[in-house]
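I opened my notebook to look up a few spots in this model. Here is what I jotted down, entry by entry.

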Amino acid sequence: MSYKSIFRRYELKYLLTESQRDFVLLAMAEHMRLDNYGHTTIRNVYYDTDNYRLIRRSIEKPSYKEKLRVRSYSLADRDSTVFVELKKKYNSVVYKRRIALPEAIATDWLSGNTEAPCDTQISREIDYFKSYYEELHPTMFLSYERDAYYDINGSDFRVTFDTNILARQTDISLCTDVYGTSILPKDRILMELKCPGAIPLWMVKALSEGRMYKTPFSKYGRAYIDMVLPTFNNKLKEIHINA
């Protein structure tokens with residue numbers, strides 16, 4: 001299956017109730033359909049430094065931020081195709097570059113055991129990213145259930161609904177089962193609108209009528225705040241007490 005390797009778009013996020021999600025689905029019925037993946041369990045491995053430099057910078061909400069991850073759309077093995085993704089955001093615009101590789105080759109490359117398996121603009125950007133931050137390694141596993149929809153009229157407008165968002169800091173591999181700590185607020189669904197420009201008017205109307213409002217929500221950022229920061233704060237308290 002062919003895949004898109006370069007993206008430039010806006011990504012707008014909304015935390016919805018089930019009734020709000022159903023309201024949006026009704027509005028989408030004449031305009032959108034489930035994509036070829038349909039309902040999927042997406043697995044992600046995020047790379048960062050020992051002190052979580054990338055995600056700490058990201059949650060400060062700078063005008064420019066970036067992250068590196070590997071993604072699969074099903075349980076992977078060493079021969080499965082996965083996607084190495086370099087994702088950047090500048091002034092609210094998301095830029096994503098990705099390469100499809102066998103899981104074993106992707107893991108060996110990102111761990112520094114082998115050279116890039118191909119010489120392309122995207123592989124060179126990822127190599128530069130790796131050399132700039134140094135000592136990048138897997139720090140978080142994130143999975144979620146996703147329903148993704150595309151515009152039947154041919155535009156690049158897409159809508160995704162994510163549920164059961166789970167995170168963990170151990171057993172970090174795309175070749176493992178899905179489990180972890182839930183980071184999605186109770187009884188909420190994460191909707192993302194992905195578009196190169198303006199949102200279609202019919203969706204704007206649905207958002208207004210359903211009283212749905214854009215909200216910042218980073219899966220990796222939420223996992224870091226919920227799971228990593230408390231550990232750091234406890235260590236600081238111990239240092240203060242024992243000083």
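I started with Glu103, which sits in helix α3, residues 103-111; helices here are DSSP runs of H or I with at least four residues, strands runs of E with at least two, numbered from the N terminus. A note on the source: this is a predicted model, where local features need pLDDT of at least 70, side-chain atom pairs count only at pLDDT 80 or more, and totals for chains, interfaces and linings use all residues. Residues are numbered from 1 along each chain as its sequence is written, and side-chain values use heavy atoms, with hydrogens and water left out.

Is Glu103 buried or exposed? I found Glu103 buried (under 20% relative accessible area; exposed is over 50%, partly exposed in between; 1.4 Å probe, protein chains only). Glu103 has no salt bridge (a side-chain nitrogen of Lys or Arg within 4 Å of a carboxyl oxygen of Asp or Glu). The nearest side chain of opposite charge, Arg78, is 4.7 Å away; Lys and Arg count as positive, Asp and Glu as negative, and His and the chain ends are not counted.

Next I listed what Glu103 touches (heavy atoms within 4.5 Å). Leaving out residues up to four places away in sequence, I got Asp77, Arg78, Ser80, Val82 and Cys175.

Then I followed Val82 into the strands. Its bridge partner in β5 is Leu101. Strand β4 (residues 81-90) pairs with β5 in the antiparallel sense over 10 bridges; pairing takes at least two DSSP bridges between the strands.

Last, I checked Gly180, in the loop between β7 (158-168) and β8 (181-182). Gly180 counts as partly exposed because its relative accessibility is 37%.
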